[in-house]
Amino acid sequence: MRIQWFPGHMTKALRMMQDQLQQVDCIIYVLDSRAPFSCLNPKFDALTDKKPVLYVLNKCDLVERADLEKWLGYFAKNGKKCIAADSLNGKQRDNIVNILKQLNAAVIEKYRLKGAKKSVRAMVVGVPNTGKSTFINNLCGSKKTVTGNKAGVTRGKQWVSLADGVELLDTPGSLPPAFEDEKRALHLAFIGSVKDDILDTEELAAEMMAYFAHNHTDAFLSRYSIDEMPHDVEERFIAVAKARGFMLSGGRVDYARTARAVIDDFRKQKFGRITLDQPEEI
Ligand SMILES: Nc1nc2c(ncn2[C@@H]2O[C@H](COP(=O)(O)OP(=O)(O)O)[C@@H](O)[C@H]2O)c(=O)[nH]1
Ligand SMILES: [Mg+2]
């Protein structure tokens, strides 16, 4: 399945981030814990090469602790500052403010010597739907930015001030203009970082079921009370349609509803806590 989604507003967003780079002291790079590697956008390298970076494995509530630990270890091993976050329920504000202050100690000292009362400014970046706006709202303790469980909710730029001398800049998510690795593109589509409207739902569901033929197979089978994973795509659709009551008259499958159900089940964690990317695969 070829996935490409790089609308004009993403080019604009990247340009805006580049323009704002002079104004910020550091970058907060928000990744989805379910697919941290796929969430790394080479287009952000121009930003992360120039400023200190805090990687945030957001939505950590959606994955197993052991998988999360593996990713935290991976970043630490590569000398990168990385933390896990649950932006819906986490109380992470003080910790993150501290980390940002450590990360920016040199710049804070520079401001202090100059006698300037300046906040530390962080630009929050990431591919769509990783929870950038929710993360910021969580830190602020109020809904300062617009959020939504689909790609492309945040438009334009939004500065938000934290009380403790830290300011955050929310940005719209941006994907790579093209994917060299189809697997990464698929994982982003699975987690809702690619706008669903541009995806062929049935094809996406077929890819998802192919994923389950090799990973977390038992979770898939038990969700739909299937004994054994069918070998071909058609049989898989039929099995799920039967389980969910999506068979039409004459024994035909309602492909659209069946596909939608599989995708929604994945996004609602009905197959459990799944980490799609593994550090050892990099
Ligand atoms: N389970 C869970 N959901 C989250 C978390 N952070 C954000 N979300 C959800 O992810 C979706 C996208 O969030 P949003 O902040 O709009 O993402 P953005 O596009 O990166 O700004 C929303 O439905 C949020 O409720 C988290 O830590 N855990
Ligand atoms: Mg947003």
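The structure is a predicted model, in which local features need pLDDT of at least 70 and side-chain atom pairs count only at pLDDT 80 or more, while totals for chains, interfaces and linings use all residues. Residues are numbered from 1 along each chain as its sequence is written, and chains are lettered from A and ligands numbered from 1 in the order in which they are written.

**Helix pair H10 and H11**

- The axes of H10 (residues 233-244) and H11 (residues 255-267) come within 10 Å and cross at roughly 85°; axes are lines fitted to C-alpha atoms, for helices over the stretch in contact, and angles run from 0 to 180 degrees between N-to-C directions.
- H10 contributes Phe237, Val240, Ala241 and Arg244 to the contact, and H11 contributes Tyr255, Thr258, Ala261 and Val262 (contact: C-beta atoms, placed from the backbone, within 7 Å).
- By class, the residues of this contact are 6 nonpolar, 1 polar and 1 charged (nonpolar: Ala, Val, Leu, Ile, Met, Phe, Trp, Tyr, Cys and Pro; charged: Asp, Glu, Lys and Arg; polar: the others, Gly among them).
- Helices (H or I, at least four residues) and strands (E, at least two) are DSSP runs, numbered from the N terminus.

**Domains**

- Domain 1 spans 8-170 and domain 2 spans 200-281, with bounds from an automatic or database domain assignment.
- The C-alpha centres of domain 1 and domain 2 lie 33 Å apart.
- In the interface, 13 residues of domain 1 are in contact with 7 residues of domain 2.
- The side of domain 1 that touches domain 2 comprises 7 nonpolar, 2 polar and 4 charged residues.

**Sheet**

- Six strands form an open sheet in the order E3-E2-E1-E4-E6-E5, with mixed pairing (two strands pair if DSSP finds at least two bridges between them).
- Strands E3 (81-84) and E5 (158-162) are at the edges with a single partner strand each, so one side of each has no neighbour in the sheet.
- On average, neighbouring strands of this sheet are turned by 25° against each other, direction ignored.
- E5 and strand E6 (residues 166-170) run antiparallel and are joined by 5 bridges.
- Val160 has Leu168 in E6 as its bridge partner.

**Shell around ligand 1**

- Among the 22 residues around ligand 1, those that come nearest are Gly131, Ser133, Thr134, Thr147 and Asn149 (near: C-beta atom, placed from the backbone, within 6 Å of the molecule).
- Helix H6 (residues 132-140) gives the most to this shell, with 3 residues.
- The shell around ligand 1 divides into 5 nonpolar, 13 polar and 4 charged residues.

Conventions. Two residues are in contact if their C-beta atoms, placed from the backbone, lie within 7 Å.
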